[in-house]
Amino acid sequence: MKKKIMTILVCAAVLMTTACDKSGISSTPTGSSSNESSSTSSNSNSSESSTSSSESSSSSKNSSTPPDGDTESGFAHGTVTANSYNSEFLGIKADFADDWTMITDDILAQNNGITDMSDENVNKALNTNAILYELIAGTETNTNVNIVIENLNVTNKGNPLTGAEYIELAFPNIEAQFKAAGFESVEAEKSTVSFLGSEMACINTKLTSEDQEAVQKMIPLSNGTYMGIVTFTGSNEEEISSAMSMFQKI
């Protein structure tokens with residue numbers, strides 16, 4: 001189940017770009033990771049596939065509270081330690097319980113195909129590939145959370161999107177993407193969830209493959225022309241709720 005859950009995490013990271021690769025990334029947060037597995041299946045044709053589905057302007061009401069991070073100089077990677085995450089750019093922080101393991105900046109950089117997670121390098125990656133792995137953490141019982149950054153300058157012609165607008169564009173592609181990745185049953189719905197003290201747009205998904213089930217909640221956080229996609233995956237809703245409770249707004 002562990003590898004399946006982590007694979008699901010990777011699928012959620014590329015909703016606006018291309019269908020994910022079932023191979024996924026490292027099956028455990030502490031394991032070694034290869035560049036091939038996370039330089040992700042979204043690296044090719046990401047601009048073409050998402051731009052074609054994202055011509056709309058920002059017209060719907062935003063159901064997420066945008067962070068206050070400065071976007072003029074590009075994206076700024078958050079601080080990842082052994083048991084915490086802090087991002088002034090996204091306006092969120094998390095203190096993880098003792099049974100959680102965080103992927104380090106060194107492995108995140110490998111997964112992103114860059115030498116380190118300096119702001120210069122992460123922005124080069126975002127300008128080239130449109131997608132960046134910002135945070136990956138998980139437990140031995142297969143609860144996982146990841147944060148992926150999408151550069152809307154590349155995928156949406158520089159037009160910002162609210163969280164609700166992003167979901168409207170991403171939702172029609174979900175079933176096909178997960179089934180292309182090898183998941184036999186995909187049940188997805190657009191919804192809202194209380195997160196960081198606000199009601200936010202989200203996508204709830206239930207996935208079944210090889211007699212195994214997982215549930216997932218994807219919440220987009222907008223900041224100008226960057227979208228932070230926070231994805232929680234677990235065996236049940238209780239595990240996801242527990243993981244969400246570790247995050248706070250700053």
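A residue is taken as buried when its relative accessible area is under 20%, as exposed when this is over 50%, and as partly exposed in between (1.4 Å probe, protein chains only). The model is predicted, and local features need pLDDT of at least 70, side-chain atom pairs count only at pLDDT 80 or more, while totals for chains, interfaces and linings use all residues. Residues are numbered from 1 along each chain as its sequence is written, and side-chain values use heavy atoms, with hydrogens and water left out.

Aromatic contacts come next. Rings of Phe, Tyr and Trp (its six-membered ring) pair if their centres lie within 6.5 Å, with planes under 30 degrees apart counted as stacked, over 60 as edge-to-face and the rest as tilted. Strands here are DSSP runs (E, at least two residues), numbered from the N terminus. Since F195 belongs to strand β7 (residues 185-195) and F232 to strand β10 (residues 226-234), the pair ties together parts 37 residues apart in sequence. F195 is buried at 2% relative accessibility, and F232 is buried at 0%. F232 also pairs edge-to-face with F247, because their centres are 5.5 Å apart and their planes at 90 degrees. One aromatic cluster is formed by F96, W100, F195, F232 and F247.

Key
Helix = DSSP H or I, 4+ residues; strand = E, 2+ residues; numbered from the N terminus.
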